[in-house]
Amino acid sequence: MNGGGSITRVWRGIGRIRPTCPTRPTCPTAGYTLIELISVAALAVVLIGLSVGGYHLWMRDTAVDAARRQVQASLSRARAYALARGVETRFVASNGLDRCLTVLDFRATPTNDWFTFTTTNPLPRYVYIDMDAIGPASTLHPDETQLRFHPDGTLQCDSSIYQDSYSDDAHLRVNIYHQRAEDQDDPRYHRYLDVSRLTGLVREVPPGKGEAK
């Protein structure tokens, strides 16, 4: 019994012990010098500049690919609409300012007026569409590209729109390019689509074969 009481008094004594803390820290406070702060800030500015420049180059390189996919899908949609509804359709691309806008129209009967059935998103900034087949005598505006599909899905070959020298070609070629590229002849900033005159089907021209024949 006495032994147990002494142990209890020892634990109570330990519980009453309070740690003592010095009024001042024994170690000096860590910090950074002005030169170190300026060095880190300068390095951050350089890294941000490099990343922004690389981002713009990446956006320019991928913009033409994104536009090619969008134009190819729009042309396929125009052909599918002509087949499904039995009407004449057209793909219209207008280059203006820094954006290229595209719409899909169908010709209503019996008025023969054109009505828009799909307004697509504009192409990426500074990406435009051109067609070598459109000549100076064309009825189209110089900044406008049109491809028309018959109700059976075939491509319409209108001599008032396309040059006579292209009348026997199997395809009409669409050139999608980036206007802000330093080297306009650089194939990285060009994509080509061939639209079959006989079927209206669209295919991408392999790299290196996009030049007009």
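## Ile176 and the nonpolar core

In this predicted model, Ile176 touches Val64, Ala67, Arg68, Val71, Val127, Tyr128, Ile129, Tyr189, His190, Arg191 and Leu193, leaving aside residues up to four places away in sequence. Ile176 is also one of the residues with the most contacts inside the largest nonpolar core, together with Leu75 and Ile129. That core has 29 residues.

Two or more residues of this core come from each of α2 (34-85), β1 (89-96), β2 (99-107), β4 (127-131), β5 (144-149), β6 (171-178) and β7 (190-196). The most is given by α2, with eight residues.

## Aromatic pairs

A pair of aromatic rings is described by the distance of the centres and the angle of the planes. The count of aromatic pairs comes to five. In one of them, the centres of the Phe106 and Phe115 rings are 6.0 Å apart and the planes lie at 35°, so the pair is tilted. Phe106 is partly exposed at 21% relative accessible area, and Phe115 is partly exposed at 41%. Ring pairs join Phe106 and Phe115 with Tyr81 and Phe117 in a cluster.

## Backbone features in the loops

Most residues other than glycine have a negative phi, and most peptide bonds are trans. The loop between β2 and β3 (114-119) contains Pro110, and the peptide bond from Thr109 to Pro110 is cis, with omega near 0°. Asn112 is also placed in the loop between β2 and β3. Its phi is positive, about 65°, and Asn112 is partly exposed at 43% relative accessibility.

The loop between β3 and β4 holds Tyr126, a residue with a positive phi near 70°. Tyr126 counts as partly exposed, with 22% relative accessibility.

Definitions and conventions:
Residues numbered from 1 in each chain as written. Predicted model: local features only at pLDDT ≥ 70, side-chain atom pairs only at ≥ 80, totals over all residues. Heavy atoms only, no water. Phe/Tyr/Trp six-rings, centres within 6.5 Å; stacked < 30°, edge-to-face > 60°. Buried < 20%, exposed > 50% of the residue type's maximum accessible area, 1.4 Å probe, protein only. Core = buried A, V, L, I, M, F, W, Y, C linked by side-chain atoms within 4.5 Å. Helix = DSSP H or I, 4+ residues; strand = E, 2+ residues; numbered from the N terminus. Contact = heavy atoms within 4.5 Å.
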